[in-house]
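The sequence and structure are shown first, and the description follows.

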Amino acid sequence: MTTRFLPVPDGVSGMRLDAALARMLGLSRSAAADLIDDGGVTSGGIVLSKSTKLDPEMLLEVSLPEPKLERKPQVIPGMGILYDDDDLVIVDKPAGVAAHPSLGWDGPDVASGLAAAGYRISTSGAPERQGIVSRLDVGTSGAMVVAKSERAYSALKKMFKHREVKKVYHAVTQGLPEPLSGTIEAPIGRHPGSDWKFAVTSSGRHAVTHYEVIEVLRSAALAEIHLETGRTHQIRVHFAALKHPLVGDITYGADPTVAARLGLERQWLHARALGFTHPVTGDWLEVTSEYPAELADALQKLREW
């Protein structure tokens, strides 16, 4: 078990414990409720219930179970290697694969898949996130770097923090964004009506997305996107706020009939390229990830329409 001590932020004061804990730890509401029901949250030695209203003077003691990192050795279907050396590995992550194990997720993940395939990764970071310096959403495919050495982990974490990494995404939007190139600067936070969605909100964290339309399609557009910040669901939330959600992204308002016609079961979003100064050699390293079959097929259908 891992114990965390959490003061009550002003933003969740007065909320029910289950809703507040889900927001504070990034859990689903049901996962937070299960944790509380198991007696995993106390304050001042008193076991709290789901309906406990939080007071700003409280200090929560939360006992979190260790994620199960051991997996049967198996290759994750579709996960390729774009670059590999003694210090880091860049994987070509397929959709449906998480970056690392987490509470509430029992599907495949990059960290466990690499370990199962015999890769030695850095032991820095939280136990469930060892070697992980940045993440891609489960439903997003493309290039993702994992540190193998401790020196690479430390250097890469600083690069991402100081925005020294080139992150290029390709996305297909519903409709044509206007203007055809620009910058979306809008804070992103938890959606006020959902524990598992995000939204543009005044109380959110600073987020900046640069984009340029590179191909105009019928009732859609292929855009190249450069991220200045890296908030959860940033691209999806920003384009949804423009009323141009990503094709296939039903969660953020995309037309389900379009997704069905394209045979697309997730958002059309791909981490196309990743570039940074190698943390050991000092050379510039950049890789490109090709579109997976389901995205390439959907794009071709849009072109034919």
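## Strand pairing and cores

In this predicted model, Val 168 stands opposite His 226 in strand β13. β13 covers residues 220-227 and runs antiparallel to β8, to which seven bridges join it. β8 also pairs with strand β14, residues 269-277, in the antiparallel sense over six bridges. In β14, Ala 271 is the bridge partner of Tyr 169. Strand β8 spans residues 166-174, and eight of its nine residues are buried, so the strand is largely enclosed by the rest of the structure.

| Partner of β8 | Residues | Sense | Bridges |
|---|---|---|---|
| β13 | 220-227 | antiparallel | seven |
| β14 | 269-277 | antiparallel | six |

Helix α5, residues 234-241, is likewise largely enclosed by the rest of the structure, because seven of its eight residues are buried. The buried residues in α5 are Gln 234, Ile 235, Arg 236, Val 237, His 238, Phe 239 and Ala 240. After α5 comes Lys 243, with a positive phi near 70°.

The largest nonpolar core has 25 residues, and those touching the most other members are Val 110, Leu 114, Met 144, Val 146, Tyr 169, Ile 225 and Ile 235. At least two residues of this core come from each of β6 (88-93), α3 (110-116), β7 (141-147), β8, β13, α5 and β14. The largest share, three residues, is supplied by α3.

Which residues does Ile 225 contact, leaving aside its neighbours within four places in sequence? They are Lys 167, Val 168, Tyr 169, Ala 171, Thr 209, His 210, Tyr 211, Ile 235 and Phe 239.

A second, separate core holds 19 residues, including Leu 6, Leu 35, Ile 36 and Val 41. Leu 35 is found in helix α2, residues 29-37. Its relative accessibility is 10%, so Leu 35 counts as buried, the cut-off being under 20%. Leu 35 and Leu 64 are 29 residues apart in sequence, while their C-alpha atoms are 7.8 Å apart in space. In soluble globular proteins, nonpolar side chains tend to be buried together.

Confidence in the model is given by pLDDT. The mean pLDDT of the protein is 89, and 93% of its residues reach 70 or more. Over residues 69-73 pLDDT stays under 50, and the model has eleven contacts beyond four places in sequence for this stretch.

Key: Residues numbered from 1 in each chain as written. Predicted model: local features only at pLDDT ≥ 70, side-chain atom pairs only at ≥ 80, totals over all residues. Heavy atoms only, no water. Helix = DSSP H or I, 4+ residues; strand = E, 2+ residues; numbered from the N terminus. Buried < 20%, exposed > 50% of the residue type's maximum accessible area, 1.4 Å probe, protein only. Pairing = 2+ DSSP bridges. pLDDT = per-residue confidence, 0-100. Contact = heavy atoms within 4.5 Å. Core = buried A, V, L, I, M, F, W, Y, C linked by side-chain atoms within 4.5 Å.
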